[in-house]
Amino acid sequence: MSDFKPTTPSRRHMTRSTAKKRVTKGKPHKALVEGFRRGSGRNNAGRITTRHKGGGHKRKYRTIGFSYDKKDIPAKIESIEYDPNRTSYIALVVYADGERRYVIAPQNLEVGDEMLTSQKAKVKPGNSLPLKKLPVGTFVYNIEIKPGSGARLVRSAGTYAEVVARDAGYVTLKMPSSEIRKIHEEAWASVGEVSNAEHKQLVIGKAGRARHMGRRPTVRGTAMNPVDHPMGGGEARSRGQRPNRKTKQGKHVNPGSKTRKPKKYSNKLIVQRRKTKRRGKKGK
């Protein structure tokens, strides 16, 4: 990360990613761009259903190829570009048959490097293979949940999953959230890590920059009235009129309370739940 000159108090702590030096092209490939309306956090009646959303700069949507349907056709990276709709960078690749697609840019790959989606591809960053072909200890991203479904998991900046075991037709992966889960061995994944690992160190620095990103102000529930939030009302910093801490939607927020559905279809594939921090429990 690099800092700005402290010309104003808010500028003093603002940071930007040095990884943007990898970006080689400004305007996106026109054939792979389409317009879309961003979500404002409101439903069809105009009522806010998701807080802190709205405004922001107008964006164009880049169509990303998440499906693994271009098998055994080598591709070369033409450019690495910024995508305002995701945290990672994207790469424009041209296949040997002349087709161009956007893909999630992996870490440490540059313009001119080659990528291949094949059962016989080498296990190196950027190549895509079925999970059964990957040795234990390999880092992967762009993972399919089911064979042929297209990449669904591990697509954010700087993330990767690790292959930890193979058994009975399933491959066990350790996810970025620390969850350990099984995925069918015929599902495909890309080798390596997602680009722009510095993203998590970004300091926005001032409210105006957040509004430009489409983030509206966050107001504490305890600062509201009882009619607006379950934690509102009362004198000083009381927790409102209700005994249990809840969100505006009425869900409990006590540390450690589980929010996952007990009958979710994928529960049987989870070997170990992700580790969550419990506030107020020092030394544990």
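Which residue lies over the face of Tyr 95? Select Tyr 95 and you will find Lys 70 there, 5.1 Å from the ring centre. A charge counts as sitting over a ring if NZ of Lys or CZ of Arg is within 6 Å of the ring centre and within 35 degrees of the ring normal.

Before moving on, a word on the model. It is predicted, so local features need pLDDT of at least 70 and side-chain atom pairs count only at pLDDT 80 or more, while totals for chains, interfaces and linings use all residues. Residues are numbered from 1 along each chain as its sequence is written, and side-chain values use heavy atoms, with hydrogens and water left out.

**Stop 1: Trp 188**

Now select Lys 71, which lies over the face of Trp 188 at 4.8 Å from the ring centre. Keep Trp 188 on screen and turn to the aromatic pairs. Rings of Phe, Tyr and Trp (its six-membered ring) pair if their centres lie within 6.5 Å; planes under 30 degrees apart are stacked, over 60 edge-to-face and the rest tilted. The count by this rule is three pairs. One of them joins Tyr 68 to Trp 188, stacked at 6.1 Å centre to centre with 25° between the planes. These partners are 120 residues apart: Tyr 68 is in the loop between strands S4 (60–62) and S5 (75–81), and Trp 188 is in strand S16 (residues 188–191). Strands here are DSSP runs of E, at least two residues long, numbered from the N terminus. Tyr 68 is buried at 9% relative accessible area, and Trp 188 is buried at 7%. (Buried means under 20%, exposed over 50%, partly exposed in between, with a 1.4 Å probe and protein chains only.)

**Stop 2: Phe 139 and Tyr 160**

Select these two next: their ring centres are 4.2 Å apart and their planes at 25°, so the pair is stacked. Phe 139 is partly exposed at 29%, and Tyr 160 is partly exposed at 33%.

**Stop 3: the cores**

A nonpolar core is a set of buried Ala, Val, Leu, Ile, Met, Phe, Trp, Tyr and Cys residues joined through side-chain atoms within 4.5 Å. The largest has 29 residues, and those touching the most other members include Leu 131, Val 140 and Leu 173. S16 gives this core its largest share, three residues. Zoom in on Leu 173: beyond its neighbours within four places in sequence, its contacts (heavy atoms within 4.5 Å) include Val 140, Glu 162, Arg 181 and Ile 183.

To finish, select Ala 19, Tyr 89, Ala 91 and Leu 109, which are among the twelve residues of a second, separate core.

Note on methods. Helix = DSSP H or I, 4+ residues; strand = E, 2+ residues; numbered from the N terminus.
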